[in-house]
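Here are my notes for you to read alongside the model. I have kept them in numbered points so that you can follow each one on screen.

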Amino acid sequence: MYKKKKHSKYKKGGIIITLVLFFVIGSVLLLNGRRNLTPIEMWVKDSILFFQKMVLKPFHLIENNGTNQSLKEQVFSYESLEAKNKELENQLRELKKTLTLNTALSDQSYLNATVINRKASYWNHLVTLDKGKKSGIKNDLPVVVSEGLIGFTSDVSNFSSSVKLLTMEELSKPISVKIEVGEHYIYGLLSGYDYNDSVLKVEGIAENTEIPKGSLVTTSGLGENIPAGIIVGYVKNITSDNFDLARVVEVESKVNFDALSYVTILKRGDLES
């Protein structure tokens with residue numbers, strides 16, 4: 001029994017020595033690139049390379065799998081960070097616009113607010129703000145962004161309020177607006193929104209004056225709570241009503257109604273707190 005164990009021990013030692021020699025010879029042959037190899041050397045080199053690949057392949061697979069997983073995690077982390085940075089940049093851009101608007105409104109009473117909720121089923125109708133009665137907000141106050149008017153407050157609670165957007169198909173209360181044409185204005189009523197052409201509709205045009213495309217459309221100040229001069233949009237096209245009796249002015253707003261984050265509520269003087 002002792003002799004068998006001893007013989008087995010020598011056998012294992014011989015295998016290990018042989019493998020070491022193969023690796024050493026193979027390494028020498030791999031590093032020796034200064035002369036042409038003999039056929040025997042080439043066979044030994046190829047055998048060593050094949051043997052090394054077979055032995056080391058599992059270790060490479062484990063290492064590569066770990067590396068790939070690490071790279072995937074790094075890529076995911078980078079993409080998440082990039083998305084967060086873009087969102088912060090968008091928020092900063094909107095805040096800068098709000099500050100610019102506040103400067104323009106320095107002679108009026110206003111309150112900045114944040115959009116905190118917007119339901120998909122009423123996407124074009126309503127947004128919810130984080131300001132309410134406790135901040136002096138009442139119904140029917142105009143809400144604006146730097147690009148122009150977006151709607152009016154409604155359903156005011158103590159700490160929140162809704163905004164009825166101009167992109168509602170039909171406004172509950174038409175808004176008096178004026179269209180700048182040369183040295184004078186043409187007056188009409190903003191009545192609703194056309195989803196097919198993505199334009200606001202101004203009706204009730206009394207004068208038969210030609211209205212150039214691109215003309216500025218603003219609030220007239222004739223409404224109860226609406227100051228004059230708030231931008232509504234720019235004339236895009238002029239059509240006729242269903243009876244072909246009156247003109248309908250199509251107005252394109254520069255507001256991105258799908259990306260409302262920070263808004264400004266215009267308060268009447270008697271609401272100042």
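**Notes on the fold and some local features**

1. From the N terminus on, the elements of the protein chain follow the order α-α-β-β-β-β-β-β-β-β-β-β-β-β. That gives 2 helices and 12 strands, where helices (H or I, at least four residues) and strands (E, at least two) are DSSP runs, numbered from the N terminus.

2. Please keep in mind that this is a predicted model, in which local features need pLDDT of at least 70, side-chain atom pairs count only at pLDDT 80 or more, and totals for chains, interfaces and linings use all residues. Residues are numbered from 1 along each chain as its sequence is written, and side-chain values use heavy atoms, with hydrogens and water left out.

3. On the whole chain: buried residues (under 20% relative accessible area; exposed is over 50%, partly exposed in between; 1.4 Å probe, protein chains only) make up 32% of the 273 residues. The accessible surface (Shrake-Rupley method, 1.4 Å probe; for residues, only the protein chains shown count as cover) comes to about 18,100 Å², and 56% of this belongs to carbon and sulfur atoms. Of the contacts (heavy atoms within 4.5 Å) with a separation of 6 or more, 54% are between residues 24 or more positions apart.

4. Now to the barrel. A closed barrel of 6 strands runs β1-β2-β5-β4-β3-β12 with antiparallel pairing; two strands pair if DSSP finds at least two bridges between them. Neighbouring strands of this sheet are turned by 45° against each other on average, direction ignored, with axes fitted as lines to C-alpha atoms (for helices over the stretch in contact) and angles running from 0 to 180 degrees between N-to-C directions. Strand β1 (residues 109-117) and strand β12 (residues 262-267) run antiparallel and are joined by 6 bridges; here S109 has K267 in β12 as its bridge partner.

5. The loop between β2 (126-129) and β3 (142-145) is worth a look, as it holds D140. Phi of D140 is near 70°, a positive value in a residue other than glycine, and D140 is partly exposed at 32% relative accessible area. N139 lies in this loop too, between β2 and β3, and is partly exposed, at 41%. Leaving aside residues up to four places away in sequence, N139 touches T153, S154, D155, V156 and N225. N139 and D155 are 16 residues apart in sequence, with 6.9 Å from C-alpha to C-alpha.

6. Next, the two hairpins that share β7. Strand β6 (residues 170-181) pairs with β7 in the antiparallel sense over 8 bridges, and K178 stands opposite Y187 in β7. This hairpin has 2 residues between the strands, and G182 takes a positive phi near 65° in it. β7 and β8 also pair in the antiparallel sense, over 5 bridges, with D194 opposite V199 in β8. Their hairpin has 4 residues between the strands. S198, in the loop between β7 and β8 (199-203), has a positive phi of about 55° although it is not a glycine. At 43% relative accessibility, S198 counts as partly exposed.

7. Which residues form a nonpolar patch on the surface? They are Y185, Y187 and L222, with about 320 Å² of accessible area together. Y185 sits in strand β7 (residues 184-194) and is partly exposed, with a relative accessible area of 34%. For reference, patches are made of residues with over 30% relative accessible area and no salt bridge, joining like charges within 9 Å and nonpolar side chains (Val, Leu, Ile, Met, Phe, Trp, Tyr) within 5 Å. A salt bridge is a side-chain nitrogen of Lys or Arg within 4 Å of a carboxyl oxygen of Asp or Glu.
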